[in-house]
Amino acid sequence: MLAAFQAEQKGVTATNWEPIRIETSDAAGNQAQLRSWSNTRQNGELVMTYQWGLWPDESPWKLRVEFSKQSGFTDDESWTVQNLPVSPGSQQEMWNYNNQNSRTKPAFAETTLNGIHLKIFPAIQFTNQFGGNGDKPGGFRVHADQPLDGMQLRIVKAASDQGRDLQSYNGSSWGGNDRQFQMQNMRNTRR
């Protein structure tokens, strides 16, 4: 499916926002929550491609779309963390991390943004998972002191201690106090 949007901020076309999630519902009460497969800009419109989740013949559909800011962050919207330690571990260790651990295990760094206190925990390079071409994935968690419902945390840039850019999959949770970020290939990253 395709959905096209025109985004403006204070009357000016906004190019730093894009759709990331869409919820559809129909007259029968069926619902589907879907993430964007891809976003492009065509003729001044943001075009989101996603897999439809409802029966096409059951109309009308109601849409709820979540947008995320991609660039142009102000100082009170960003947090720079350097030298985040990396240790070996399993992907399950990162996924099993819960709010209790977030309160009892030591964070590597903490800050407060827009009244929300955030903690970042050391990264884990997965020892039980390998990608193609010798990729060594990993990830880390961020915990907030209150639910982040309706808020998106995003990695603007991640680099290894060797200065290599690291590709990430941003914030894999849609609710609650925690966000998990998975790195595609950490190779021999130590920080």
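Predicted model: local features only at pLDDT ≥ 70, side-chain atom pairs only at ≥ 80, totals over all residues.
Residues are numbered from 1 along each chain as its sequence is written, and side-chain values use heavy atoms, with hydrogens and water left out.

Back to that bridge. Arg141 sits in strand 13 and Asp178 in strand 15, 37 residues apart, so the pair links distant parts of the chain; strands here are DSSP runs of E with at least two residues, numbered from the N terminus.

Rings of Phe, Tyr and Trp (for Trp, its six-membered ring) pair if their centres lie within 6.5 Å, and planes under 30 degrees apart count as stacked, over 60 as edge-to-face and the rest as tilted. By this rule, the count comes to two aromatic pairs. In one of them, Phe5 and Phe67 have ring centres 5.3 Å apart and planes at 80 degrees, so the pair is edge-to-face. Phe5 belongs to strand 1 (residues 2-5) and Phe67 to strand 8 (residues 61-69), 62 residues apart, and the pair links these distant parts of the chain. Phe5 counts as buried at 16% relative accessibility, whereas Phe67, with a relative accessible area of 28%, is partly exposed. In the other pair, Phe140 and Phe181, the centres lie 5.2 Å apart with the planes at 20 degrees, so the pair is stacked. Phe140 lies in strand 13 (residues 138-144) and Phe181 in strand 15 (residues 178-183), so parts of the sequence 41 residues apart are tied together. Both Phe140 and Phe181 are buried.

Which members of the largest core touch the most other members? Of its 18 residues, they are Leu118, Ile120, Phe140, Val142, Ile155, Phe181 and Met183. Two or more residues each come from strand 10 (109-113), strand 11 (116-120), strand 13 and strand 15. Apart from this core lies another, of eleven residues, including Ala14, Leu34, Leu46 and Leu54.

Now for the charged pairs elsewhere. Side chains of opposite charge can pair when their charged atoms come close. A search of the whole structure finds four salt bridges. In one of them, the side chains of Glu23 and Arg64 meet at 3.2 Å, N to O; Glu23 is in strand 4 (residues 17-26) and Arg64 in strand 8, 41 residues apart. Arg64 counts as exposed, at 53% relative accessibility. Glu77 and Lys69 also form a salt bridge, at 3.1 Å, N to O, in which Glu77 is partly exposed at 34% and Lys69 is buried, with a relative accessible area of 15%.

Let me finish with some loop residues. Gln6 has its place in the loop between strand 1 and strand 2 (8-9), and with a relative accessible area of 62% Gln6 is exposed. Gln6 and Gly44 are 38 residues apart in sequence and 7.1 Å apart in space, C-alpha to C-alpha. What can be said of the backbone at Lys10? Its phi is near 55 degrees, a positive value in a residue other than glycine, and Lys10 lies in the loop between strand 2 and strand 3 (12-13), where it counts as exposed at 84% relative accessibility. Asn83, which is not a glycine either, has a positive phi of about 60 degrees; Asn83 is found in the loop between strand 8 and strand 9 (86-89) and counts as partly exposed at 48%.

Technical notes:
Helix = DSSP H or I, 4+ residues; strand = E, 2+ residues; numbered from the N terminus. Buried < 20%, exposed > 50% of the residue type's maximum accessible area, 1.4 Å probe, protein only. Core = buried A, V, L, I, M, F, W, Y, C linked by side-chain atoms within 4.5 Å.
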